[in-house]
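Subject: Structure handover

Hello,

Here is the structure I said I would pass on. My notes on it follow below.

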Amino acid sequence: MPKTWNIKIDNYFQANPNCIIATAHVDSFPTDLPLEPNIREANRKSATYRQIFDSLTTQPEKFFSRHSGIVLSANIVKPSKTSLELEILEASEGGSDGIINGGHTVLAFEQAKNYKYDLTQARVKVTIHMGLTEESALDIAEWH
């Protein structure tokens, strides 16, 4: 059974029929999205993770301009003015949906929330590809 996640947004646009790009709120961003399409493991000890976490927690209002964003894959995206509802098919359901690029970033979001940092001013660019095959998701992951 597909699962759904909601991402709170300021705005979005349909880049093409199968891709939405949005400005998402970090403080409510779902940190339990599947990591299957991502070809790299998120590692709290990596320099990449530390840079993301430090940027997020020291100057959350500048995070959007300093970060390249998160790339996701979803089966279906239902947009509204204030949120995107993502339907995610997990690998066991024949899907290849979830985080394609941005595992370190989502891990930093989770840790910052756990440590009670104020992330209300933080935003992140989210690119969501819809209906990707596993091969297409892996191809995108290799280029990010």
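Thr57 is buried, its relative accessible area being 14%; buried here means under 20% relative accessible area, exposed means over 50% and partly exposed lies in between (1.4 Å probe, protein chains only). This is a predicted model, in which local features need pLDDT of at least 70 and side-chain atom pairs count only at pLDDT 80 or more, while totals for chains, interfaces and linings use all residues. Residues are numbered from 1 along each chain as its sequence is written, and side-chain values use heavy atoms, with hydrogens and water left out.

Thr57 belongs to helix α1, residues 47–58. Helices (H or I, at least four residues) and strands (E, at least two) are DSSP runs, numbered from the N terminus. Not counting residues up to four places away in sequence, Thr57 touches Ala112 and Tyr117, where a contact means heavy atoms within 4.5 Å. From Thr57 to Ile7 there are 50 residues in sequence and 20 Å in space, C-alpha to C-alpha.

**The chain as a whole**

The protein chain has 4 helices and 7 strands. Read from the N terminus, the order of elements is β-β-α-α-β-β-β-β-α-β-α.

The C-alpha trace spans about 40 × 35 × 25 Å along its principal axes.

Of the 144 residues in the protein chain, 47% are buried. Taking contacts between residues at least 6 apart in sequence, 78% join residues at least 24 apart.

On charge, the protein chain carries 14 positive and 18 negative side chains, and the centres of the two sets are 10 Å apart. Lys and Arg count as positive and Asp and Glu as negative, while His and the chain ends are not counted. Each charge is placed at NZ of Lys, CZ of Arg, CG of Asp or CD of Glu.

**Nonpolar cores**

The largest nonpolar core has 33 residues, and the members touching the most others are Phe29, Leu56, Leu72, Leu86 and Val124. A nonpolar core is a set of buried Ala, Val, Leu, Ile, Met, Phe, Trp, Tyr and Cys residues joined through side-chain atoms within 4.5 Å. At least two residues of this core come from each of β1 (3–16), β2 (19–25), α1, β3 (70–74), β5 (83–88), α3 (103–114) and β7 (123–130). Helix α3 gives the most to this core, with 5 residues. There is also a second, separate core of 6 residues, among them Val71, Leu132, Ala137 and Ile140.

Leaving aside neighbours within four places in sequence, Leu86 is in contact with Lys3, Thr4, Trp5, Ile7, Leu72, Ala74, Ile76, Val77 and Ile128. Thr4 sits in strand β1 and is partly exposed, with a relative accessible area of 48%. Outside four places in sequence, Thr4 touches Glu85, Leu86 and Glu87. Thr4 and Ile88 are 84 residues apart in sequence but 6.1 Å apart in space, C-alpha to C-alpha.

**Other residues to look at**

- His104, in helix α3, is buried at a relative accessible area of 16%. Apart from neighbours within four places in sequence, its contacts are Glu41, Ala42, Asn43, Ser46, Thr48, Tyr49 and Ile52.
- His129, in strand β7, is buried at 18% relative accessible area. Not counting residues up to four places away, His129 touches Asn18, Cys19, Val71, Leu72, Ser73, Ala74 and Ile140.
- Lys116 lies in the loop between α3 and β7 and is exposed, with a relative accessible area of 71%. Lys116 has a positive phi of about 65° although it is not a glycine.
- Ala141, in helix α4 (residues 134–143), counts as buried at 0% relative accessibility. Its C-alpha atom is 6.1 Å from that of Asn101, 40 residues away along the chain.

Regards
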